[in-house]
Amino acid sequence: MYEVEVKVPADLAVVRDRLAALEATPEGAVVQVDTYYDAPHREFAETDEALRIRSERPEDGDAETRVTYKGPLVDDESKTREEVETSVADREKTDAILTNLGFEAAATVRKERERFSLAGYTVTLDSVDDVGEYVEVETEVEDESDLEAARDGAYDVLERLDLDPDDQLRTSYLGLLLES
(Lines give C-alpha, C1' and ligand atoms only; values in the text may rest on other atoms or scores of the structure.)
Protein backbone atom coordinates (compact mmCIF):
# COMPACT_ATOMS: atom_id res chain seq x y z
CA MET A 1 0.00 0.00 0.00
CA TYR A 2 1.12 3.56 -0.68
CA GLU A 3 0.16 6.62 1.33
CA VAL A 4 -0.18 9.69 -0.89
CA GLU A 5 0.08 12.80 1.27
CA VAL A 6 0.46 16.51 0.68
CA LYS A 7 1.10 18.81 3.66
CA VAL A 8 1.06 22.63 3.78
CA PRO A 9 1.29 25.16 6.61
CA ALA A 10 -2.05 26.87 7.19
CA ASP A 11 -4.27 28.87 9.52
CA LEU A 12 -6.55 26.10 10.78
CA ALA A 13 -9.45 28.41 11.66
CA VAL A 14 -9.60 29.66 8.06
CA VAL A 15 -9.38 26.13 6.64
CA ARG A 16 -12.04 24.87 9.08
CA ASP A 17 -14.43 27.57 7.77
CA ARG A 18 -13.62 26.62 4.17
CA LEU A 19 -14.27 22.93 4.92
CA ALA A 20 -17.67 23.88 6.36
CA ALA A 21 -18.48 25.93 3.25
CA LEU A 22 -17.54 22.93 1.06
CA GLU A 23 -19.72 20.67 3.24
CA ALA A 24 -16.84 18.37 4.12
CA THR A 25 -17.81 15.53 6.44
CA PRO A 26 -16.29 15.75 9.94
CA GLU A 27 -14.61 12.44 10.89
CA GLY A 28 -13.67 13.31 14.47
CA ALA A 29 -10.72 14.57 16.44
CA VAL A 30 -7.87 12.69 18.10
CA VAL A 31 -4.68 13.29 20.03
CA GLN A 32 -1.70 11.38 18.70
CA VAL A 33 1.59 10.75 20.45
CA ASP A 34 4.27 9.34 18.13
CA THR A 35 7.60 8.03 19.36
CA TYR A 36 10.14 7.62 16.55
CA TYR A 37 13.08 5.24 16.70
CA ASP A 38 16.59 5.15 15.28
CA ALA A 39 17.78 1.82 13.91
CA PRO A 40 21.01 0.18 15.08
CA HIS A 41 21.91 -1.02 11.56
CA ARG A 42 21.24 2.04 9.35
CA GLU A 43 20.49 5.76 9.58
CA PHE A 44 16.79 6.36 8.93
CA ALA A 45 17.50 10.06 8.37
CA GLU A 46 19.80 9.06 5.47
CA THR A 47 17.48 6.40 4.02
CA ASP A 48 14.35 8.56 4.54
CA GLU A 49 12.60 5.78 6.46
CA ALA A 50 10.75 5.93 9.76
CA LEU A 51 9.73 3.54 12.51
CA ARG A 52 7.29 4.72 15.15
CA ILE A 53 4.89 3.71 17.86
CA ARG A 54 1.72 5.79 17.74
CA SER A 55 -0.90 6.08 20.46
CA GLU A 56 -4.13 7.69 19.30
CA ARG A 57 -6.92 8.73 21.61
CA PRO A 58 -10.25 9.81 20.12
CA GLU A 59 -12.27 12.53 21.86
CA ASP A 60 -14.62 9.99 23.36
CA GLY A 61 -12.78 6.67 23.41
CA ASP A 62 -9.89 4.54 24.49
CA ALA A 63 -6.38 4.90 23.13
CA GLU A 64 -5.27 2.63 20.31
CA THR A 65 -1.61 1.88 19.66
CA ARG A 66 0.04 0.93 16.36
CA VAL A 67 3.58 0.36 15.17
CA THR A 68 4.38 1.75 11.71
CA TYR A 69 7.20 1.46 9.22
CA LYS A 70 7.38 4.16 6.55
CA GLY A 71 9.59 3.56 3.54
CA PRO A 72 11.55 6.16 1.59
CA LEU A 73 9.68 8.75 -0.45
CA VAL A 74 8.87 7.40 -3.91
CA ASP A 75 8.56 10.68 -5.81
CA ASP A 76 9.83 14.24 -5.76
CA GLU A 77 6.41 15.90 -5.77
CA SER A 78 4.70 14.69 -2.58
CA LYS A 79 5.19 12.65 0.59
CA THR A 80 4.17 9.40 -1.08
CA ARG A 81 5.73 6.31 0.45
CA GLU A 82 5.13 2.67 1.25
CA GLU A 83 3.61 2.24 4.69
CA VAL A 84 3.20 -0.90 6.79
CA GLU A 85 1.24 -0.65 10.03
CA THR A 86 -0.29 -2.97 12.60
CA SER A 87 -2.05 -2.66 15.94
CA VAL A 88 -0.23 -3.58 19.13
CA ALA A 89 -1.78 -4.36 22.48
CA ASP A 90 0.82 -2.77 24.73
CA ARG A 91 2.86 0.35 23.93
CA GLU A 92 5.39 -0.19 26.73
CA LYS A 93 6.08 -3.81 25.77
CA THR A 94 6.47 -2.87 22.11
CA ASP A 95 8.93 -0.16 23.15
CA ALA A 96 10.82 -2.74 25.24
CA ILE A 97 11.03 -5.12 22.27
CA LEU A 98 12.42 -2.41 20.00
CA THR A 99 14.84 -1.16 22.66
CA ASN A 100 16.12 -4.68 23.36
CA LEU A 101 16.74 -5.11 19.62
CA GLY A 102 18.93 -1.99 19.64
CA PHE A 103 16.42 0.60 18.40
CA GLU A 104 16.60 3.88 20.32
CA ALA A 105 13.78 6.34 20.86
CA ALA A 106 14.79 9.49 18.96
CA ALA A 107 11.95 11.93 19.64
CA THR A 108 8.25 12.17 20.45
CA VAL A 109 5.80 14.24 18.41
CA ARG A 110 2.41 15.18 19.91
CA LYS A 111 -0.38 16.54 17.77
CA GLU A 112 -4.06 17.32 17.94
CA ARG A 113 -5.81 16.29 14.73
CA GLU A 114 -9.23 16.99 13.25
CA ARG A 115 -10.19 14.83 10.29
CA PHE A 116 -12.63 15.57 7.49
CA SER A 117 -13.66 13.71 4.37
CA LEU A 118 -13.78 15.68 1.13
CA ALA A 119 -13.91 14.45 -2.46
CA GLY A 120 -12.66 10.98 -1.51
CA TYR A 121 -9.67 12.30 0.45
CA THR A 122 -8.96 12.69 4.15
CA VAL A 123 -8.23 16.29 5.11
CA THR A 124 -6.49 16.55 8.46
CA LEU A 125 -6.03 19.76 10.44
CA ASP A 126 -2.93 19.31 12.59
CA SER A 127 -1.81 21.38 15.55
CA VAL A 128 1.65 20.02 16.34
CA ASP A 129 3.33 20.85 19.65
CA ASP A 130 6.41 23.05 19.13
CA VAL A 131 6.01 22.88 15.33
CA GLY A 132 2.84 24.72 14.21
CA GLU A 133 -0.39 24.28 12.25
CA TYR A 134 -0.65 22.26 9.05
CA VAL A 135 -3.19 20.75 6.69
CA GLU A 136 -2.63 17.30 5.27
CA VAL A 137 -4.58 15.88 2.34
CA GLU A 138 -4.11 12.17 1.88
CA THR A 139 -5.36 8.93 0.44
CA GLU A 140 -4.10 5.39 0.03
CA VAL A 141 -3.58 3.44 -3.18
CA GLU A 142 -2.58 -0.16 -3.71
CA ASP A 143 -0.84 0.15 -7.05
CA GLU A 144 2.11 2.36 -7.95
CA SER A 145 0.43 3.19 -11.29
CA ASP A 146 -2.26 5.11 -9.35
CA LEU A 147 0.15 7.45 -7.53
CA GLU A 148 0.12 10.35 -10.00
CA ALA A 149 -3.68 10.52 -10.21
CA ALA A 150 -3.97 10.36 -6.41
CA ARG A 151 -1.39 13.15 -5.99
CA ASP A 152 -3.17 15.34 -8.57
CA GLY A 153 -6.43 14.77 -6.71
CA ALA A 154 -4.79 15.85 -3.44
CA TYR A 155 -3.56 19.03 -5.16
CA ASP A 156 -7.12 19.69 -6.36
CA VAL A 157 -8.45 19.36 -2.80
CA LEU A 158 -5.82 21.84 -1.55
CA GLU A 159 -6.85 24.32 -4.24
CA ARG A 160 -10.53 23.91 -3.27
CA LEU A 161 -9.43 24.89 0.26
CA ASP A 162 -7.70 28.01 -1.17
CA LEU A 163 -4.30 26.52 -0.33
CA ASP A 164 -1.36 26.42 -2.73
CA PRO A 165 0.15 22.99 -3.51
CA ASP A 166 3.45 24.80 -4.18
CA ASP A 167 3.62 25.57 -0.43
CA GLN A 168 3.86 21.87 0.34
CA LEU A 169 6.42 20.55 2.80
CA ARG A 170 7.91 17.10 2.31
CA THR A 171 9.58 17.20 5.73
CA SER A 172 7.94 15.04 8.41
CA TYR A 173 6.70 16.49 11.68
CA LEU A 174 9.64 14.72 13.31
CA GLY A 175 12.01 16.51 10.94
CA LEU A 176 10.32 19.85 11.59
CA LEU A 177 10.52 19.26 15.35
CA LEU A 178 14.22 18.38 15.17
CA GLU A 179 14.88 21.49 13.03
CA SER A 180 13.11 23.84 15.48
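**A buried glutamate and its barrel**

Author: Glu 5 counts as buried, because its relative accessibility is 5%, under the 20% cut-off. The model is a predicted one. Glu 5 sits in strand β1.

Eight strands make a closed barrel: 8 strands in the order β1-β5-β4-β3-β2-β6-β7-β8, paired antiparallel. From one strand to the next, the twist averages 35 degrees. Strands in a sheet pair through backbone hydrogen bonds, in parallel or antiparallel fashion. Take β2 (residues 25–38) and β6 (residues 104–118). They form an antiparallel pair with 13 bridges.

Helix α1 (residues 12–21) touches β6, β7 (121–128) and β8 (132–141). The direction of α1 makes about 155 degrees with that of β7. Helix α4 (residues 147–160) touches β1 (2–9), β6, β7 and β8. The direction of α4 makes about 25 degrees with that of β1.

Which residues of α1 are buried? They are Leu 12, Val 15 and Leu 19. These three lie on the same side of α1, because they cover an arc of only 60 degrees around the axis. An α-helix has 3.6 residues a turn, so residues three or four places apart point the same way. The buried residues of α1 pack against β6, β7 and β8. The other side of α1 carries exposed residues: Val 14, Asp 17, Ala 20 and Ala 21.

Look at both ends of α1. At its start, a side-chain oxygen of Asp 11 comes to within 3.0 Å of the backbone nitrogen of Ala 13. After α1 comes Glu 23, with a positive phi near 60 degrees.

Two loop residues also have positive phi. Ala 119, in the loop between β6 and β7, has a phi of about 55 degrees although it is not a glycine. Ala 119 counts as partly exposed, because its relative accessibility is 49%. Asp 162 lies in the loop between α4 and α5 (173–179). The phi of Asp 162 is near 60 degrees, and Asp 162 is not a glycine either. Asp 162 is exposed, because its relative accessible area is 60%.

Technical notes: Residues are numbered from 1 along each chain as its sequence is written. This is a predicted model: local features need pLDDT of at least 70, side-chain atom pairs count only at pLDDT 80 or more; totals for chains, interfaces and linings use all residues. Side-chain values use heavy atoms; hydrogens and water are left out. Two strands pair if DSSP finds at least two bridges between them. Helices (H or I, at least four residues) and strands (E, at least two) are DSSP runs, numbered from the N terminus. Axes are lines fitted to C-alpha atoms, for helices over the stretch in contact, and angles run from 0 to 180 degrees between N-to-C directions. Contact means heavy atoms within 4.5 Å. Buried means under 20% relative accessible area, exposed over 50%, partly exposed in between (1.4 Å probe, protein chains only). The arc is that of the directions from the helix axis to the C-beta atoms. A polar contact is a pair of N or O atoms within 3.5 Å; within protein, one must be able to donate a hydrogen and the other to accept it, and residues adjacent in sequence count only if both atoms are side-chain atoms.
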